[in-house]
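This report walks through selected features of one model. Keep the coordinates open beside the text.

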Amino acid sequence: MNAFGIVFLAALALATATRLWLASRHVRHIRAHRGRVPDAFASEISLDSHQKAADYTCAKTRLVMTEVIIDAAILLVLTFGGVLQLLHDLSAAWLPEGVGRGVLLIALVGIVASAVDVPFRLYRIFVIEQRFGFNKMTLGLFFLDLIKGLLLGATLLLPLAAGILWLIQQLGAHWWVYGWVAVVLYGIVVTFIAPTLIAPLFNKFSPLQNQEIKERIQRLAERCGFKIKGLMVMDGSRRSAHGNAYFTGFGSSKRIVFFDTLLAQLNPPEVEAVLAHELGHYKLRHVIKRMAWSAAFSLAFFWLFDLVMQSAWFFHGLGVASTSPAMALLLFSLVLPLFVFLLQPLGAMYSRKHEFEADQYAARNASARDLVSALIKLYRENAATLTPDPLHSAFYDSHPPAVARIARLQKA
C-alpha cells in the first residue's frame, strides 16, 4: 500500500463515520420531538400523523445506516479485496484488449453493484413502505422494473462508456475535452427524449381530464408567460401512495406531469399553487443553472480523471494491478465521492435557495395560502418529518425544513 492508499482509507473512514454520526443525530432528534407536533402545524396535523412520520423517517434512516456500512465494506472488497482485479481478469479471458473488453468490465461491475442493491430495495419497499401503508407494488412489478432498468442502463450507459474509452484510445492528450463535450451533449439528448421514450417504459401517462384544474393551469400559464406543451397524469398509485408533480423535457417534449395520487390529495387551488412553484423553477432558470453547474463539475471530473489515469500510484494505492482506462474510470468513479463528500452541504444549500425562490414565485403568481395548505397536506400524506435534525438537514436536504418553509410563505 502506498501513500494514496492510506489517504483513500482515511477518506473512507471519515466519510463513513460522518454519515453514521449524522444519521444517528437525525434519529435521536426526531425521537426526542416525537411527542409533540410543532406549533405551526398543531391545528392541521394530528399527533398520530406526526408520530407516524417520525417512525417512518427513523426506519428509513436506520436502513441508510446499514447501507453506509455495507457500501464501505463492498468498496474495500472491490479494491483491496481483489474483486475488481478478478473481474478484469475475467473480461481479459473472454475478449482481447480494447474498447470491447473495457465495456465488458464496466458491465460486470454494474451487474455486481445492482445485485448488492436489490436486497436493500426489497427491504425498503416491501418492509418499510409496506409497514407504513405506502407500498402498492407487487413483487412481479418490482422485478419487471428491475429488468427494464438494467436493460435501459445497458442501452444508455454502455455505448457512452464505449465512446469515452474510444476517445481515450484515439485522441491522445486532449481526449478529456472531447469526452466532456460528448457527455454533456449526450445528457441533453437523453433529457429531451426521456418524457416521450423512456418514462413510458415504466409508467402510463394520460392527458389531464379535470376541467377546473386545466382552466386554472391555463390561466396561470398565461400570467407567467409559459407555453404548455402537455398536461399529463402519471399512474404513480400503481407503485406508491406518495404524491408529486414535476416538469420534464425540453422544447416540444416539455411536459407538466402530475402523479394521480397528488391530484387525489389536493383540491384545484392547491394544485395550481404547487404548479406555480414548479413553474417558478422554470421561469427562474433553476434547471439551466443546475445543468451549467453540473457541466462545470463534469469538466473538472474529466480533467482530474485524465491526470490520475496516467499515474501508477492511483492503481497501486487501491490494490489493483491493471492500469487500463476502463479500470481507471471505475476506480475514479468509486473513490471520488469520498473526497468530495464534505462539499455536499454546498449543493444542498444551493438547492434550498432555489426552493425558497420558487415558493416566493408561487406566492406572487398564485396563492401563498393555498401553497401552505398543499404543503401541509403533502407533509401529512407522505409522512415527511416536521422535526429533522438541523445539522443533518443542512448537510443533505435539497428542500428547506417544513417549519422554515411554511414560516416564509406565511409572511408572504
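## Sheet

Two strands count as paired if DSSP finds at least two bridges between them. Helices (H or I, at least four residues) and strands (E, at least two) are DSSP runs, numbered from the N terminus. The model is predicted: local features need pLDDT of at least 70, side-chain atom pairs count only at pLDDT 80 or more, and totals for chains, interfaces and linings use all residues. Residues are numbered from 1 along each chain as its sequence is written, and side-chain values use heavy atoms, with hydrogens and water left out.

Four strands make an open sheet in the order 1-2-4-3, and the pairing is mixed. Strand 1 (205-207) and strand 3 (245-248) are at the edges with a single partner strand each, so one side of each lacks a neighbour in the sheet. Neighbouring strands are turned by 30° against each other on average, direction ignored. For such angles, axes are lines fitted to C-alpha atoms, for helices over the stretch in contact, and angles run from 0 to 180 degrees between N-to-C directions.

## Strand 2 and its partners

Strand 2 (residues 231-234) runs antiparallel to strand 1, and three bridges join the two. F205 faces M234 across this pair. S206 stands opposite V233. Strand 2 runs parallel to strand 4 (residues 255-259), with four bridges between them. There, L231 has I256 as its bridge partner.

Which way do the side chains of strand 2 point? L231 and V233 point one way, M232 and M234 the other, and all are buried. Buried means under 20% relative accessible area, exposed over 50%, and partly exposed in between (1.4 Å probe, protein chains only).

## Nonpolar surface patch

A nonpolar patch on the surface consists of L171, V177, Y178, V181, L185, I188, V287, I288 and M291, with about 730 Å² of accessible area together. Patches are made of residues with over 30% relative accessible area and no salt bridge; like charges are joined within 9 Å, nonpolar side chains (Val, Leu, Ile, Met, Phe, Trp, Tyr) within 5 Å. A salt bridge is a side-chain nitrogen of Lys or Arg within 4 Å of a carboxyl oxygen of Asp or Glu. Areas come from the Shrake-Rupley method with a 1.4 Å probe; for residues, only the protein chains shown count as cover.

Helix 6 (175-198) and helix 10 (286-309) each supply at least two residues of the patch. Helix 6 gives the most, with five. L171 lies in helix 5 (residues 139-171). L171 is partly exposed, at 38% relative accessible area.

H26 sits in helix 1 (residues 3-32). H26 is buried, at 5% relative accessibility. Beyond its neighbours within four places in sequence, H26 contacts T57, T61, P388, D389 and H392. Contact means heavy atoms within 4.5 Å.

N382 is in the loop between helix 14 (368-381) and helix 15 (390-396). N382 is also buried, at 16%. Not counting residues up to four places away in sequence, N382 touches Y56, F134, A241, H242 and G243. N382 and R369 are 13 residues apart in sequence and 20 Å apart, C-alpha to C-alpha.

## Positive phi

Most residues other than glycine have a negative phi. A383 has a positive phi of about 55°. A383 lies in the loop between helix 14 and helix 15 and is buried, at 2% relative accessibility.

R285 has a positive phi near 60°. R285 is in the loop between helix 9 (268-283) and helix 10. Is R285 buried or exposed? R285 counts as exposed, at 56% relative accessibility.
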